[in-house]
Amino acid sequence: MKKVTSLLALLLVFASQAQLNDLRSPTLQELPDSLHKRDLIELSEIFNTDKQPSLHNFIDLYNRYLTPLQDSVHRILEIGIFNGASHKMWKCYFDSAEVYGIDIREKPWVEKLGIHTYLANQANREDLQTFVDSSGGNFDVIIDDGGHYMDHQQVSLGFLFEHLSEGGLYIIEDVHTSLPAYYDGFGRDSTLSNTTLKIFTDYIMNEDIESVYMTKEEKVYMETWIEYIEIYKRKNSMHSTAVVIRKKKKR
Ligand SMILES: C[S@@+](CC[C@H](N)C(=O)[O-])C[C@H]1O[C@@H](n2cnc3c(N)ncnc32)[C@H](O)[C@@H]1O
């Protein structure tokens, strides 16, 4: 009897692993209704995004910020699609929202699931303008999980902050690429004067936005419209750091 039970348990593990592989596969035809509105942490694990607790654990941040907004988010953009894991997660979690993604590579298997995907370089204002013209902008939530270079993060923030709805949230993941002790490259200059993290630590000191990658108008717009920022740092092997910026509701 014992042997039969453990064989059954083994078969169940294989069956659920096979189901997970299906959900994560590019051949997935549609997102199952059974996943809609499931717990956000659980969804991050089901789809295997690197936001999940065992990796960057940014899902902890999203859980705090986005769970209260589950029924009020109508338009969400995430820069950086990769295999589509997090876009699938948002599509399941925000039942009635339109989910958008931009990437420098085509993602037809993600588009097929009802997620709007656009080919665009996040560091190129013309690409971003074409994307906004075509999508209509006005996002309730914008997440930057793209290339993580200093110019990528800052051009996108400067350009797209204006296209965030009033009271909306702009979240930049992987701001740890500003930290030379842990990450090589990513377009930092030798004096670290151009890092994305510095924009926010300086903002805390003097309430000015300074970035060599933003226009004067973009910087003034941000200074006028930022309600608050939060710098999030998790002490794990990846030194996971993110920034949340909330836009004011009324001037
Ligand atoms: C970390 S992956 C995204 C992971 C995904 N958001 C998730 O959580 O499952 C980064 C993605 O950003 C894209 N990327 C890199 N540079 C980019 C750029 N300049 N503009 C837009 N996307 C870029 C890459 O092609 C890659 O698909």
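Predicted model: local features only at pLDDT ≥ 70, side-chain atom pairs only at ≥ 80, totals over all residues.
**Entry 1. The chain as a whole**

I began with the secondary structure and found nine helices and seven strands in the chain. I then looked up the radius of gyration, which is 19 Å, close to the 18 Å that the globule rule gives for 251 residues, so the chain is as compact as a globular protein of that length. Along its principal axes, the C-alpha trace spans about 70 × 40 × 35 Å. I noted that 41% of the 251 residues count as buried. For contacts between residues at least 6 apart in sequence, I recorded that 57% join residues at least 24 apart.

**Entry 2. Domains**

The domain assignment gives domain 1 as residues 1-30 and domain 2 as residues 34-247. Taken over C-alpha atoms, the centres of these two domains are separated by 33 Å. I looked up where they meet: six residues of domain 1 are in contact with six residues of domain 2. On the side of domain 1 that touches domain 2, I found four nonpolar residues, two charged residues and no polar ones.

**Entry 3. The ligand shell**

Which residues come nearest to the ligand? Of the 21 residues around the ligand, they are Gly80, Ala85, Ser86, Gln122 and Gly147. The elements that give two or more residues to this shell are β1 (75-79), α4 (85-93) and β2 (98-103). By class, I recorded seven nonpolar, eight polar and six charged residues in the shell.

**Entry 4. Glutamine 122**

I followed up one of the nearest residues to the ligand, Gln122. Glutamine 122 lies in the loop between β3 (116-119) and α6 (125-135). Is this residue buried or exposed? Glutamine 122 is buried, because 25 other C-beta atoms lie within 10 Å, and the cut-off for a buried residue is 20 or more. Setting aside residues up to four places away in sequence, I found that glutamine 122 touches Ile79, Ile102, Gly146, Gly147, His152, Val155 and Ser156. Among these partners, Gly147 is also one of the residues that come nearest to the ligand. I also looked up aspartate 144, which is 22 residues from glutamine 122 along the chain; their C-alpha atoms are separated by 9.1 Å.

**Entry 5. Helix α7**

His152, Val155 and Ser156, which glutamine 122 touches, are among the buried residues of α7. I therefore examined this helix: α7 covers residues 150-160 and is mostly covered, with 10 of its 11 residues buried. The buried residues also include Met150, Leu157, Phe159 and Leu160. What covers them includes β1, α6, β4, β5, α8 and α9 (216-225).

**Entry 6. The nonpolar core**

In soluble globular proteins, nonpolar side chains tend to be buried together. In this chain, the largest nonpolar core has 56 residues, of which Ile76, Val141, Ile142 and Tyr170 touch the most other members. I listed the contacts of isoleucine 76, leaving aside its neighbours within four places in sequence: Trp90, Phe94, Ala97, Val99, Tyr100, Phe139, Asp140 and Val141.

**Entry 7. Two positive phi values**

Asparagine 138 has a phi near 55° and is found in the loop between α6 and β4 (139-144). Leucine 192 has a phi of about 60° and is found in the loop between β5 (164-172) and α8 (196-206). Asparagine 138 counts as partly exposed, with 13 C-beta neighbours inside 10 Å. Leucine 192 is also partly exposed, with 13 other C-beta atoms within 10 Å.

Isoleucine 226 is found in strand β6 and is partly exposed, with 17 other C-beta atoms within 10 Å. Not counting residues up to four places away in sequence, isoleucine 226 touches Ile245 and Lys247. Its C-alpha atom is separated by 24 Å from that of leucine 192, 34 residues away along the chain.

Where does arginine 234 sit? Arginine 234 is in the loop between β6 (226-233) and β7 (241-247). I recorded arginine 234 as partly exposed, with 15 C-beta neighbours inside 10 Å. Leaving aside its neighbours within four places in sequence, arginine 234 is in contact with Asn57 and Ser240. The C-alpha atoms of arginine 234 and isoleucine 143 are separated by 18 Å, and these residues are 91 apart along the chain.

Notes. Residues numbered from 1 in each chain as written. Near = placed C-beta within 6 Å. Helix = DSSP H or I, 4+ residues; strand = E, 2+ residues; numbered from the N terminus. Nonpolar A, V, L, I, M, F, W, Y, C, P; charged D, E, K, R; others polar. Domains from an automatic or database assignment. Contact = placed C-beta atoms within 7 Å. Core = buried A, V, L, I, M, F, W, Y, C linked by C-beta atoms within 7 Å. Buried ≥ 20, exposed ≤ 12 C-beta atoms within 10 Å, placed from the backbone. Rg over C-alpha atoms; globule rule 2.2 N^0.38 Å.
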